[in-house]
Amino acid sequence: MAEQRIKGYQTGTYVVGNRLLDPEERSVQARMDRSNTLTSGHRACRGCGEALGARYALDAAMRATGGRLIAANATGCLEVFSTPFPESSWQLPWIHSLFGNAPAVASGMAAAMKVKGRDDVRVIGQAGDGGTVDIGFACLSGMFERNDDVLFVCYDNQGYMNTGVQRSGATPPAARTANTKPVGSEPGNVFGQGKNVPLIAMAHGIPYVATATVAEPRDLEAKVERAMGMRGARYIHAFVPCPLGWGSASEDTIRLARLAKETGLFPVFEAEHGEITEVSRIRRRRPVTEYLELQKRFAHLFSPTENRPVLDRIQADADRNIARFGLLGGAGEE
Amino acid sequence: MEKPFAITLDVGSSLANKTGTWRTDRAVYVDRLPPCNHACPAGEAVQAWLYEAEEGGEGYERAWRRIVADNPFPAIMGRVCYHPCETACNRGQLDEAVGINSVERFLGDLAIERGWRLPEPGSDTGKRVLVVGAGPSGLAAAYFLRLLGHGVTIREAEPAAGGMMRWGIPRYRLPRDVLDAEVNRIIDLGVELETGVGVTDAEAALEDGFDAAFLAVGAQIGKRAYIPAGTAARMLDAVTMLHGVEAGERPLLGRRVAVYGGGDTAMDAARTAKRLGASDAVVVYRRTREQMPAHEVELEEASEEGVRMRWLSTIKRADEGRLTLERMELDETGFPQPTGELEELDADAVVLALGQECDLSLVEGVPGIDVEDGVVDVGSELMTGRPGIFAGGDMVPAERSVTVAVGHGHRAAGAIDAWLRGEEPTEVAEPELASFETLNTWYYADADRMHRPRLDAVRRQDNFDEVVAGHDDETALFEARRCMSCGNCFSCDNCFGVCPDNAVIKLGRPGERYEIDLDFCKGCGICVAECPSGAIQMVPEQI
């Protein structure tokens, strides 16, 4: 929670709203006049984290830009569930691109606005982790390198979910997917680097990079607002649990996002021009097993017998994040 | 309409797609019973009045009005109640229970300071009710009966109203200006108070033109125990001693005082003895500290003031200036057994605090009224076997405390009202308890409890000044806001924010909460899981 520490108000900064707060201090999501950029009737699964993350991010961007916003959207869950022809759930100008070229389309939109002299109209590009870290990566890197005036948001649910849950460059080690079966001596996805796109984005030295989760809407909103206050290439990587692909209960979506941060598996931070400027510290540190147990994609680590070596490796990854990003020392940490 | 190449359909909104049809469970807003409300012997809606107090400013008066809907003594409660609400408070499982008692006192004191008035009496019903005893139970009954429009006369044997709140609880726990303010506020509602008028025959008193009576004479008689004593040994009982002090007497206690017993009255007697100049006050109790009926806070404050404790001891004999004690030992059932080991304790006086009994002579011979184990038998509605005569407080079987007594007064008033109208009292079904497990405590801010300051022990030695100070506006507000609002919506907007389908409607007008949009709710349950206070429940759809 890097933003808006509100003390002595029963729930502080943690809930969406708070009747005791001045309306201006409440989150965008607490407002009855929020844009609902992704409105009801979309066909996302029950408890979809991506639908939630997209509404959080775009509603905040709409408010930050006074509604002058266009979105480019890669193919993926977010596009498939929101726009089955002829219906659309989007309540903003929205352009569907190919799977791999959303950042390039967004760059083009920004260039077009510049040509038309409309510097008041801002551009957002968005995609899932497949469209960002794998298929769209070249276009994304190019957009960063040219410092095009685009905020690109990746909704990371750690796999290709709408095509049947295949692994992506963002799938975590040991996770079961359709093509990383829990068989053999090293079950599930391989232990590797994966692709840490927030760090890669930082390596481009772009003005702004941030990570966030759907468990902390205020934090996500503040980051979008900050990003929209800047020009040039900006990148936000939002962690969005997927009940379908992860085999988790639909009501656990936010709990999982919270645990991803509180275990240290998903570090939440902000960076400007390649340097980390703010880290959201862990409030109540939890062991990784508490996060993994809730997901069937990790069930093979717990039954028929507990796979301690693999669990220890995952815990070691979390501990490495904690040390690397300095995630301890938060308020109320137990 | 002419459409572009390859386009055959108009653009539509997904709002046409009613995803509510996917649902197998639905989210339903509920009001669960908060544990504080559940535990309150006076039936206060604790969570509800804290909710108002959380707002501060204008909210304080609304909070106070919510309290006096169930209990007319917030300032007294905030001092003498042993707050079972705090023992039950779910926050106790998170860090430390909410200081409900301290907020109640703050509100009660604020009401006295600002002169807030109790609600107006109801329109006159023409019925008259006799209340015997102006203690907490009788006064509470009188208050609620007046609100219901009945005429009330209280007959009180003592020269002033208050009962044990005046004659039993010392001033350092309950200053008399506070007591008077809250008692007078009730009398001002048109209650006829006759002091110095004891009732010796309830049946005959009822004949005086009353339609019903509520008896609440309390337990005024200190229990005695047989202790072999020399002629010069000085012995008195705690009730008489405390009564005497309140009446302005200074009982002759000497320098060294032993108090026999382990209840709150024993603590009060020992602490009072200290204030009257005893250099040494020792409480002699035959069991252990764990078994002692006195409340922890009483023991703590007594110890701070230098009161010493002799556990597992009985008094075998009292002589002038000296007691013979026998050491006790607990048997396997936890009962103390004599060991035969004797020791001596210097004491100029022995104060007996071995419990109290009721003077029930007023119901002797009243047909239908049964007395069992020294208390009057009553039904669930507090009516005795004599129709129209009700009883409450210390004289009926229940825990004996001011708060329990107030609860009896409240309940009896409702029952008397129903009886006068010839109706059955209405039973209200209790909602499900809001357990700790139904909460999502992640959302509550880390906030350590604010404790009320206590007078330095050295400043309590020779006076009856109030020991515990009150909160100021800032600390009271902070403490109120530690409430987790268990089981009840407190408008945090979380459900409205976390729904991936925009299927929670925020009504937005004051006092209105949220509604589930069943056209689009897919039944994912996120709102239920992320509701901090457990005020939403998943219910299977009837298919």
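**Note on strands, a cysteine and confidence in a predicted model**

1. In chain B, Arg128(B) stands opposite Gly151(B), the latter lying in strand S4 of chain B (strands, E, of at least two residues, and helices, H or I, of at least four, are DSSP runs numbered from the N terminus). The model is a predicted one, in which local features need pLDDT of at least 70, side-chain atom pairs count only at pLDDT 80 or more, and totals for chains, interfaces and linings use all residues. Residues are numbered from 1 along each chain as its sequence is written, chains are lettered from A and ligands numbered from 1 in the order in which they are written, and side-chain values use heavy atoms, with hydrogens and water left out.

2. Strand S3 (residues 128–132) of chain B and S4(B) run parallel and are joined by five bridges, where pairing requires that DSSP finds at least two bridges between two strands. Between S3(B) and S4(B) the chain passes through helix H7 (residues 136–147) of chain B, and this β-α-β crossover is right-handed, a term meaning that, with the strands pointing away from the viewer, the path from the first strand over the helix to the second runs clockwise.

3. S4(B) is also joined to strand S5 (residues 192–195) of chain B, by four bridges and again in parallel, with Arg155(B) opposite Glu194(B) of S5(B). Five of the six residues of strand S4 (residues 151–156) of chain B are buried, so this strand is largely enclosed by the rest of the structure (buried means under 20% relative accessible area, exposed over 50%, and partly exposed in between, with a 1.4 Å probe and protein chains only).

4. Six bridges join S12(B) to strand S13 (residues 322–330) of chain B, and Arg317(B) stands opposite Thr324(B) in S13(B).

5. Cys527(B) lies in helix H17 (residues 526–530) of chain B and is buried, with a relative accessible area of 12%. Neighbours within four places in sequence aside, Cys527(B) is in contact with Ala27(B), Cys495(B), Val498(B) and Ile536(B), contact meaning heavy atoms within 4.5 Å.

6. On confidence, chain A averages a pLDDT of 93, and 96% of the residues score at least 70 (pLDDT is the predictor's confidence in each residue, from 0 to 100). Over residues 1–5 of chain A, however, the pLDDT is below 50, although this stretch has 19 contacts in the model beyond near neighbours in sequence. Where pLDDT is low, the predicted coordinates should not be read in detail.
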